[in-house]
Amino acid sequence: MEKKQITNEITRKEALQRMGKYAALTAVGTFLVLNPKTAQASSPIDPGGNNRTGPAPAQSNTKQGGIFENNNFDTNLK
Amino acid sequence: MIFTTFPMFNAKLTDHYIFWFEDSNQYIVVSETIKDLLDVFFKTSNKSSFLEALQLLNIPLKNAEAIYDDLQRLVENATHVAEPRSETYPVPTVPIDTIIQNYKFENTIVRVNYGSSDIENLIHPQWSHATIKDGTHPNTNFTIFAEGDQLFLYSDDDFVGSYPKDEYHFLQGQFALQLVNTLYQKTESDWIATFHASTVCNTEEAIMMIGASGNGKSTLSAVLMASGIDVLADDFTPLSAGNSEVYRYPSGISVKEGAFKMLETLYPDFDNYPLYVSTSKRVNIKYIPPNGSMDTSPVHLPCTKIVYVKYDPNAPSRLQKVSTEKILETLIPESWLSPLASNAELFLEWIKNLQCYELNYSDNAVAVSKFNELFRA
């Protein structure tokens with residue numbers, strides 16, 4: 001498996017684990033946790049070259065949670 | 001647990017709400033349902049009041065308890081302040097024997113003293129177009145050198161920071177900030193953010209481009225510049241707190257070998273641009289000098305449009321409106337945003353007025369035409 005694919009697999013697994021952490025919330029709505037970088041940084045150079053297609057490498061400052069679909073939890077809240 | 005630290009600010013986006021937490025400088029984007037739950041969470045003083053409130057809304061107790069626990073975890077995470085890095089390094093003496101380069105940006109002269117040619121290679125290539133021979137009376141005198149496994153940055157006689165050699169991109173980012181501080185007589189607290197974005201402009205407005213690493217932002221900047229569009233900034237776009245406008249970052253546009261052949265058709269002098277090998281010694285890159293100059297082109301402009309760009313040769317080209325939430329998903333984690341409350345408030349105000357788009361393109365001519373359309377929109 002390509003290194004890029006392995007990295008993406010790990011990122012997806014991490015996201016799934018975090019979904020589990022907020023199971024009740026993800027059942028009622030969507031949320032996204034976004035952490036800015038703590039310092040300015042230039043772009044890391046991608047040895048794959050320009051004009052790549054496909055997913056980009058995982059960023060070092062990863063977000064937690066994700067946007068998940070509402071699964072029709074019944075509530076009187078709008 | 002009683003929380004006394006509530007999010008400082010929140011704002012409404014298209015279909016979601018965004019909260020900002022001062023302790024962690026974290027942003028949370030939530031749907032309306034979760035926003036309503038958070039309102040109840042912050043208004044009630046403890047768990048039992050929260051559960052009572054949710055039972056009035058006919059939410060079963062077991063679910064309400066699970067929701068409370070999740071919200072508590074979410075807010076605890078948002079109010080957690082990371083431990084500052086504990087490693088400290090003795091501040092070494094600034095070396096005398098350095099490689100000196102002087103750069104001129106309109107009326108500002110910047111001198112950089114590089115400790116070695118390897119260090120010079122980290123910074124100089126993207127500024128080589130601005131080199132001048134004589135840098136008498138520079139406005140700022142930077143020194144960058146290595147000692148041990150650390151890179152040190154000084155601005156005049158002041159120590160700015162040290163960065164591990166293998167994290168040299170932090171040195172490059174800090175240098176970029178120090179440079180715009182010099183160019184515009186600002187300090188870090190005068191910026192709302194420095195976005196990982198490229199920005200193009202006309203005389204009235206700027207349009208920001210973001211995208212995942214490797215999706216072709218810089219190449220697209222080069223293509224747009226060849227068509228006559230002014231590139232205000234490549235890869236680093238600072239947003240000022242004073243006027244909520246984006247400022248010119250007058251660097252060369254970095255392009256990688258994969259795009260050389262295509263760019264040779266757009267830039268007659270392309271072969272003459274020096275070739276650099278990246279520090280990792282795995283990528284050949286060139287820097288295309290910017291066409292806009294600081295004395296004749298706008299230095300700062302309002303920006304109300306952001307485009308998520310993606311080159312995909314296998315898909316039809318398409319420009320479509322997207323939600324601000326989708327843009328923030330990339331913009332925030334990839335950028336430095338000021339941790340100051342006053343600047344976070346300005347950021348939330350700025351994003352409320354954004355028009356956001358996604359551009360998938362497989363053809364340069366189409367990309368150029370779409371951007372020209374956006375300038376007219």
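Helix α1(B) passes helix α2(B) in a right-handed crossing. The model is predicted. This briefing starts with the helix packing in chain B.

**Helix α1(B) against α2(B)**

- Two packed helices are described by the angle between their axes and the distance between the axes.
- Helix α1 of chain B covers residues 32-43, and helix α2 of chain B covers residues 47-56.
- Their axes come within 9 Å and cross at roughly 140°.
- The two helices, α1(B) and α2(B), are therefore oblique to each other.
- On the α1(B) side, the contact is made by B:L37, B:V40 and B:F41.
- On the α2(B) side, B:F50, B:A53 and B:L54 take part.
- By class, this contact of α1(B) with α2(B) has six nonpolar residues, with no polar and no charged ones.

**Helix α1(B) against α3(B)**

- Helix α3 of chain B spans residues 61-78.
- The axes of α1(B) and α3(B) come within 11 Å, crossing at roughly 80°.
- That angle makes α1(B) roughly perpendicular to α3(B).
- From α1(B), the residues that meet α3(B) are B:L37, B:L38, B:F41 and B:F42.
- They meet B:I67, B:Y68, B:L71, B:Q72 and B:V75 in α3(B).
- The residues of this contact of α1(B) with α3(B) divide into eight nonpolar, one polar and no charged.
- B:L37 and B:F41 take part in the contact with α2(B) and also meet α3(B).

**Nonpolar cores**

- In soluble globular proteins, nonpolar side chains tend to be buried together.
- The largest nonpolar core here has 40 residues.
- The residues with the most contacts inside this core are B:I18, B:Y27, B:F195, B:F347 and B:W350.
- Helix α9 of chain B, residues 341-352, supplies the largest share of this core, with six residues.
- A second, separate core has 31 residues, including B:V112, B:Y168, B:A233 and B:M294.
- B:F347 is in contact with B:Y27, B:I192, B:F195, B:L328, B:I332 and B:L337, leaving aside its neighbours within four places in sequence.

**Helix α6(B)**

- Helix α6 of chain B runs over residues 217-226.
- Nine of its 10 residues are buried, so α6(B) is largely enclosed by the rest of the structure.
- The buried residues of α6(B) include B:K217, B:S218, B:T219, B:L220 and B:S221.
- Also buried in α6(B) are B:A222, B:V223, B:L224 and B:M225.
- B:G228 follows α6(B) and has a positive phi, near 105°.

- B:L74 is found in helix α3 of chain B.
- This leucine, B:L74, has 1% relative accessibility and counts as buried.
- Leaving aside its neighbours within four places in sequence, B:L74 is in contact with A:Y22, A:L25, A:F31 and A:V33 of chain A, and with B:I28 of chain B.
- B:L74 and B:L153 are 79 residues apart along the chain, and their C-alpha atoms are separated by 37 Å.

**Chain A**

- Chain A has two helices and two strands.
- Along the sequence, chain A follows the pattern α-α-β-β.
- Chain A has 78 residues, and 37% of them count as buried.
- Among the contacts in chain A with a separation of 6 or more, residues 24 or more positions apart account for 84%.

Terms used
Residues are numbered from 1 along each chain as its sequence is written. Chains are lettered from A and ligands numbered from 1 in the order in which they are written. This is a predicted model: local features need pLDDT of at least 70, side-chain atom pairs count only at pLDDT 80 or more; totals for chains, interfaces and linings use all residues. Side-chain values use heavy atoms; hydrogens and water are left out. Axes are lines fitted to C-alpha atoms, for helices over the stretch in contact, and angles run from 0 to 180 degrees between N-to-C directions. Helices (H or I, at least four residues) and strands (E, at least two) are DSSP runs, numbered from the N terminus. Angles under 35 degrees count as roughly parallel, over 145 as roughly antiparallel, 65 to 115 as roughly perpendicular and the rest as oblique. A crossing is left-handed if the near helix is turned anticlockwise from the far one by less than a right angle, and right-handed if clockwise. Contact means heavy atoms within 4.5 Å. Ala, Val, Leu, Ile, Met, Phe, Trp, Tyr, Cys and Pro count as nonpolar, Asp, Glu, Lys and Arg as charged, and the others, Gly among them, as polar. A nonpolar core is a set of buried Ala, Val, Leu, Ile, Met, Phe, Trp, Tyr and Cys residues joined through side-chain atoms within 4.5 Å. Buried means under 20% relative accessible area, exposed over 50%, partly exposed in between (1.4 Å probe, protein chains only).
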